[in-house]
Amino acid sequence: MILLGPSGCGKSTLLRMVAGLEDPSVGDVFIGEQRVNDELPKLRDIAMVFQSYALYPHKTVRANIEFPLKVRGVPKAERAEQALHAAEILGLAEYMKRKPGQLSGGQRQRVALARAIVRKPAVFLMDEPLSNLDAKLRGDTRTELVDLHRRLDSTFIYVTHDQVEAMTMGSRVAVMNAGRLEQVGTPQEVYDRPASAFVAQFIGTPPMNVLPVGLLGTNDVQVGIRPEHLLLASEGRLSGNVYQVEHLGHEVLVHAESTAGRLVARVDPASDLPVVGDAVRFDAADHHLHRFDAHSGMRVS
Amino acid sequence: MKRKLRDLPPALLMLVPSLGLLAVWTIYPLVRAVDYGHKACDISVRNCRDVGWDRYWTVFQSKEFQDALLVSLKLALMTVPVGLVLGIGLAVLADKQLKGIGIFRTVFSSTVATSVAVASLVWFVLLQPQVGVLADLLSGWIPKLKNPGLLNDSSTALPAVALSSIWASLGFTFIIIMAGLQSVPRDLYESAFVDGAGSFRRFTNVTLPMLTPSILFVTVVLTTRALQAYGEIALLTGGGPQDTKATTTIPYLIYGNNSLVHNDIGIKSASAVLLFLLCLTFAAVQFRGFGKRVHYGN
Amino acid sequence: MATDTVRGARKFGRYSLLVAVAAIVLFPIYAVLLQALKSGADAFDHPRSLLPVDLTFDTIRSAWTAGNLGKLLMNSLFVSTVVTIGVIVTSLLAGYAFAFLNFPLKKIVFAIYLSTMLVPGEVTVVINQRTADSFGWLNTYQGLIVPSLASTFGVFLVRQVFLQIPKELREAAALDGVGHLRFLYEVAAPLSRPTLGALGLFTFLGTWNAYLWPSQVVNDNAHRTIQLGLERLKTPNDISKFNLVTGGLVVAALPIFIMLVVFQRQLVRGLTAGAVKG
């Protein structure tokens, strides 16, 4: 499960409530069938990976990974074995004697993961664990996490503001905005049938074009069109002037200023491309139009 | 349970040791002293009667207190400015990148380790009129060193005590000012240098303003120390010489062996509370006076 | 060439100045040390020789015996050690509560702590001496130790350094079921070792050097500290025994001077913690 939303939307707070680090002002938290509102964090059978990793700087990698077991009174030999196993899963076996300060960001991140998996919790909570890594490392670690999720076969709750992480990693995505849950679904569902104008615009790069009320619809709905569904058509219902053409190799993004505001269309590079300054017309198939209530922003099916 | 209250039991347990100690050994005696200050008790302190809050005023106005107050203020006036200037001088001298400067810094800090008792007795030995080394070396210039001895003359006893205090505090002053100097960003000096400021101008325009937080701190600490001087008086002069009271500071008036108020808990308490108010007033005035001029540069 | 000479001369001038000033600062210590290391007759010759010749440990040895200094040193060592450990423990506990826990009236309680920093010992000794008396603590180690076991400065210092430990560290530990005391002992305290070292050194020195409170609470040989013992070596009227006090001074000051040299960095850190960063 991925919690996705812009910063400040409450996704981290939600995660911390699940962890028991914060109390909900109303409502209940369930883990499995059990209401855990009044359970201390340590009794909730969860492990959390923090954005800052929260490794103990004065302890070695080994001691960091072993610490949760030590606290639980696991015998020494056993916890050494389990810690080594967790470290091996994450390729850390050769760094066991180092301290966090001597590791790279990616390695620290893996130590934090190892410290979580060594406990074999029912639920893993991850609070933007990749946001402190550089772009290349983030891509690699993303793949590793997906792999880990598959191998461990337990629940991950993963907070991110990065829609690419959400789309590629999640089996289900919960999109949040301003403290409210907007939609829960598989990444494909969320993309294909966004439950609100917010979700429609938050997911997808470039974001969905949302036309002002009145265009292509009735007076009380907004209409949204994904860039890949917006076609150049000489008889199209929308007109505009091209102000930018982005060549991305496998696709071209045509930006136009129109009566309906700025529009983006994703077009095949092999087609007949307009140039900056051209007057063009767009259209889209009716089944590709998304309709949202003008006031609530909710989907009108 | 609400989160705020969840932390309460552990917080209480963790605060109890220090809070209990502070309550018994700091807060209670302060409150009690304020209370005793307006009471008259017999020696057993079992029978006390209320003599009114104007007792504080009576004590303050008494000749003994006024004399002791004057001695304390004089001591502060003798030790604070000189100690400060010497400390700044040492720090500026040692704030250079030279080979072996660490040794000099250690030497200049060295008196920070001396206790009141050690520093006072060191000077007691040096100033001894018959066999002290200073009398032997310098009595040609300062005859009083030999006869009657600086500590035995009512006009020189207090300056001699001040000398011992200044020396004893020098290490502390040096360390604080030195730390202040080293936190002055080097580029400030460099830009002043580029602007053509000479070394004296650099000192008055860059160094001193950046040092104001350290100077303020040292001033407050040195003043408080002077106002609270007890050990040096007890060991060097016993409040005298002889019965002159020339070095009887307020703390010595309260705690000294031959103190007039030794057995009167009421007057003793009132004097102690007055001393406390005096220290507070001085600290407040110094913070205020410096207030506008302190640069907390970062 | 010319500038090299100028620079050389300047350097020489600065070193000369440093040496001269250092000599003045050290002179009192040197003179007393020299006097302590000379035999009774040599110590007072005229004109006084300031050269270290004909040195002997006789004076120090007699002072040691006359003043029972071995016992007094042990008293000081014992009292200072216990106070140091106690202050570190009480400061860690209270500092932890202020830095990591949330409880009602926290700000007010902290303000009370801070305000006690303003109360000088000179004010409270009047009553504390009576309190110690009523506990039967005059001429006991408890009397010397217990009133000094809490240090507001220590609480403040520890809170300050604990506030710099990331909150996530505590949260991660809480999720693992680590209690407060265990977190304090296993994570927070080890991470604050430099500050604790400074606090410890500072407390040790302060207790070792204390004069007023010990002078009011003990006056027997079994519990007297080294600082109080020095006074008893001072015999202003008997010149023949005058030198004993120099021997006593050497014994009392030496351990502290060694500590100063060894732990200079920690001491500076402790002293400046209250000043520069405020």
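## The annotated domain of chain A

In an unreviewed UniProt entry, residues 2–203 of chain A carry the annotation "domain: ABC transporter"; UniProt positions are given in the numbering used here, feature names are shortened, and annotations may be inferred rather than shown by experiment. Over residues 2–203, chain A is 42% helix and 16% strand, and the end C-alpha atoms are 13 Å apart. Helices (H or I, at least four residues) and strands (E, at least two) are DSSP runs, numbered from the N terminus.

Keep in mind that this is a predicted model, in which local features need pLDDT of at least 70, side-chain atom pairs count only at pLDDT 80 or more, and totals for chains, interfaces and linings use all residues. Residues are numbered from 1 along each chain as its sequence is written, while chains are lettered from A and ligands numbered from 1 in the order in which they are written.

Let's look at the strands of chain A.

How many bridges join strand 7 of chain A to strand 8 of chain A? There are 5, and strand 7 (residues 173–177) runs antiparallel to strand 8. You can find Ala174(A) paired with Val184(A) in strand 8, and Asn177(A) paired with Arg180(A). Strands 7 and 8 of chain A form a hairpin with 2 residues between them, and Ala178(A) in the turn has a positive phi of about 50 degrees.

## A sheet of three strands

Chain A also holds an open sheet of 3 strands in the order 9-10-16, with antiparallel pairing. Its edge strands are strand 9 (209–211) and strand 16 (290–293) of chain A, each pairing on one side only.

Strand 10 (residues 221–225) of chain A pairs with strand 16 of chain A over 4 bridges, in the antiparallel sense. Within this pairing, Val221(A) stands opposite Asp293(A) of strand 16.

## Two spots to check in the backbone

Most residues other than glycine have a negative phi, and most peptide bonds are trans. Which bond joins Thr205(A) and Pro206(A)? It is a cis peptide bond, with omega about -15 degrees. Pro206(A) is in the loop between helix 8 (197–202) and strand 9 of chain A.

Lys120(A) is not a glycine, yet its phi is positive, at about 50 degrees. Look for Lys120(A) in the loop between helix 4 (105–117) and strand 5 (123–127) of chain A.

## Chain C and its annotated spans

For chain C, an unreviewed UniProt entry lists residues 12–33, 77–101, 108–128, 140–162 and 242–263 under "transmembrane region". The span of residues 77–101 of chain C is 96% helix and 0% strand, with its end C-alpha atoms 35 Å apart. Residues 140–162 of chain C are 70% helix and 0% strand, and their end C-alpha atoms lie 35 Å apart.

## Where the chains meet

Between chains C and B, the contact takes 73 residues from chain C and 76 residues from chain B; two residues are in contact if their C-beta atoms, placed from the backbone, lie within 7 Å. Helix 1 (residues 2–36) of chain C gives the largest share of the side of chain C that touches chain B, 12 residues. Chain C also meets chain A, with 13 residues of chain C in contact with 17 residues of chain A. The largest share of that side of chain C, 6 residues, comes from helix 9 of chain C.

Conventions. Pairing = 2+ DSSP bridges.
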